[in-house]
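Have the 3D view open as you read.

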Amino acid sequence: MSQEVTPVVSMRHITMQFPGVLANDDVSLDIRKGEIFALVGENGAGKSTLMNILYGMYTPTDGEVLVRGERLFRFDPNEAIRHGIGMVHQHFMLVPSFTVAQNIVLNTEPRRGLFYDFRRANQIVEELVQEYGLAVRPTDTVRDISVGLQQRVEILKALYRGADILILDEPTAVLTPQETDELFDVIRSIVRIRQMTVIIITHKLNEVMAISDRVGVMRQGKLIGVCQTCDVNERILASMMVGKDVLMEPFIREKTKATEPALVVENLSVLDNRGLPAVRGLSLKVFPGEILGIAGIEGNGQSELAEAVTGMRHVQSGQIRILNRDVTGMDPAQIRALGVSHVPEDRIQTGLSGKSDIVDNLVVGREKEPQFSIRGFHLKKKRMKEYAEELSANFDIRGGGIHTPTQSLSGGNMQKVLVAREFSSGSRVMIISQPSRGVDVGAMDFIHRQIMEKRSEGCAILLISADLDELYRLSDRLCTIYEGSITGEFDPSVTEKREVGLYMTGRGEEAGHE
Amino acid sequence: MSDARKKYLLSLFSSILMALVIGAVIMAVSGHNPLEGYAVLITGAFGSERSIGNTLYKTAQLCITGIATAVASQGGIFNVGGEGQMYLGAIASCWLGAALNGTSPWLAIPLCLLAAILAGALYAWIPAILKIKLNISEVITTILMNSIAIYFCTYLANGPLKTTEKGIVSGTASLDRAFRFSRLIKGSNLTQTVFMIAVVTLLVWYLMSRTTTGFGMKLTGENSRFARYAGLNAGMLGILGMLISGAMCGMLGMFECFGLQTRFKTDFSNEFYFDGMLVAMIMQYRPLGIILMSFFFGALKIGAVSMQSQTGISSELILIIQSVIIFFMAAQEGLLASLGRHSSARRANRMRGGVKS
């Protein structure tokens, strides 16, 4: 550890009051030069807000920020960039139709006379790529490259603008395990080469342990503590985050005795948005009281599978049967009416209506039930409100009253609204995609318990997740999906994750040869 | 009342105030006394039975067209084609009415009303189905279809359906006296149709805000993918909003011709629909707000006529006032944000000791 006299960033007594929410409550934090600092906390703990203040996106209600001993007077991203601060947001800010190089030099394009000098731009970016050893091609169009590479473009953009303090907001939320490892290599190398300071916002504790030098824990707007990473473990951090002990203990379970499957998919083929085959001749069965996990790297047909089964996507060929009814070609309303609920992976575009309040988002789909309307026509607004209050309490939905539009909730609370609705409709078959993506430890445990409860009620559950730990914790059986087909079926209680990982990447034969 | 609603009302009232102030400045600059101008405007709108009647009728007209815009928009479709739907409703009902001349009004009027509603709704259905099935922008189709409808009706009124009565240059055959709606106040435009407009407006308001249909339409309008996912019939709800909107416009077309005219005339509308559409947009498609704002704009419009004749201040001033209100309402987000930045900059200045503030 270097013995710095003045910290590179010093945030003093930061308080941020949003209407109705105290996002940061007198937070003081020093960051040392050249360190990798992890900032962890549950959803809504205020970590993103704190970092957005540092990046100049918000002006704090109270408190001050010093960068290299110099006080920031204006909170504005341009000002922050001038002070060498760069930030990579959770949702990338790139122009999809531009090339990598065009995106990086955007706003400071090299010119020859009056004209944009494309060649020079590519050259500059190539030099940057070489310097940091990032495998990105400057001439690729951003739309065509993977999310992991897009993230590197964002990092390069920050480096190009001269950042030496880099903030990464939940950088691994969208990455596969392999991409996460590569990202960490990149971070370590830029810290080494340029003496960079990196701040990572995350709630994945294993990543904190893997990459950070120090870690700060936030809870309900307050900074609970800052520790040397080597002095703590995941369990200590988890209990600091939620204020109590969280045990991700395994569930005790009994195998289902059902012999008649509730969901049958036979030889299903589905196209993706570009019209290319995404699911190819896939078959599976899910029995009542059973959770079938689908493991795979994103983009191997999982999304299309879930959409086809729930009627959101046209079935090219094959058959889907739910509770002994052929539902192939039915629309989502008809499939729901059979007792199917669906937690989609995309909660913002599909799973919720952002402009509508919590009440409407919780009631939708059931508004014609006698408890919510007279003769399925005249709304009982009072009853709807009561119902929303009940569910908000049961599912611990926080971040404003029941009349808050869901788009202003944090990711975890959005997911709770979605889960509350889908888990309360008395369904017998559930299609659940990425239930705990972007959700903190406490909420994740809560959602897992809800899923297990549905299982014990006799629900047949198809669980699709990119998180292998989650699948292992919940699934009775586990299928791997690769390029739209099932490549193997496993019993998670006796199979090693490493083996499943090989099947996920289409290298199942290698496992067989070992 | 929610914070957003409060902020909205605040910016609405300050926009109106600003617009009136700017109107006053313009009057003063052009050599008139603003106080006198506004006084004449108010007496022009409310000074006599006749002017009150006119103001109320204008209000009703703005209400029904404003709510028609709002109901389509709640289902996610922006209906710019109300004018065309109104023309078709008018010509359909006038043609049928003239054909039924001599029969009982108890038979003829409901049939004509039905014809007007069907014509308007059908004409709104075309852009709606194009939007839902082929994702063709309804803004473009409805604007273009306005011209088609108006020229088509002009052709009919000057050609195949032209009256044979002597001395009438253009227009359909005149309607039986018994079919016409009578005026409630002599000399004013207020006819019996105002009651029907009120009933229809309130019914649609109820549908939009208190029923499962309105609930479904709202969610469809906000996020149609979500609506489909949640098991709503999103396509049907979007089309339904347009059908209701078109039906209301068609109905107004009939009311205009059966009440104020004696037949279909090609110039019966002075772009009524667009006035109502503006009211709806300013009030963010909220029914109660549309009703209140219709009254305000209705009074302005009627009062302006007296203002022009008595003080010489051009009635175009009302256009300026309306435009300024629209301008400020459209810019409210940006204005509020820049005000917010301003005050936070001041706060930052204070924090560093107020050296430069």
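Before we look at any helix pair, one convention: an axis here is a line fitted to C-alpha atoms over the stretch in contact, and angles run from 0 to 180 degrees between N-to-C directions. Keep in mind, too, that this is a predicted model.

Start in chain B, with helix α5 (residues 105-134) and helix α6 (residues 138-158). Their axes come within 10 Å and cross at roughly 155 degrees. Angles over 145 degrees count as roughly antiparallel, so that is the label for α5(B) and α6(B). The crossing of α5(B) past α6(B) is right-handed.

Helix α4 (residues 82-99) packs on helix α10 (residues 234-259) at an angle of about 55 degrees, and their axes are 7 Å apart. That angle makes α4(B) oblique to α10(B). Here again the crossing is right-handed, with α4(B) passing α10(B). Among the residues that α4(B) puts into the contact are B:G82, B:G89 and B:G97, and α10(B) contributes several including B:G246, B:G250 and B:G253. The tally for this contact is 9 nonpolar and 9 polar residues, with no charged ones.

Next, zoom out to where the chains meet. Chain B puts 25 residues into the contact and chain A puts in 41. About 2900 Å² is buried between the two chains, and carbon and sulfur atoms give 56% of that. Over on the chain B side, B:T212, B:F215 and B:Y229 lose the most area to chain A, together making up 26% of what that side buries.

What about charge between the chains? There are 2 salt bridges between chain B and chain A. You can find B:K218 paired with A:D360 in a salt bridge, with the closest N and O atoms 2.4 Å apart.

Across all chains, the whole structure has 34 salt bridges. One to look up joins A:R455 and A:D476, at 2.9 Å from N to O. This pair links distant parts of the chain: A:R455 sits in helix α15 (residues 441-456) of chain A, and A:D476 lies 21 residues away in the loop between α16 (468-474) and β23 (477-482).

Terms used
Residues numbered from 1 in each chain as written. Chains lettered and ligands numbered in written order. Predicted model: local features only at pLDDT ≥ 70, side-chain atom pairs only at ≥ 80, totals over all residues. Heavy atoms only, no water. Helix = DSSP H or I, 4+ residues; strand = E, 2+ residues; numbered from the N terminus. Parallel < 35°, antiparallel > 145°, perpendicular 65-115°, else oblique. Left-handed = near helix turned anticlockwise from the far one by under 90°. Contact = heavy atoms within 4.5 Å. Buried area = accessible area lost by both parts, 1.4 Å probe. Salt bridge = Lys/Arg side-chain N within 4 Å of Asp/Glu carboxyl O. Nonpolar A, V, L, I, M, F, W, Y, C, P; charged D, E, K, R; others polar.
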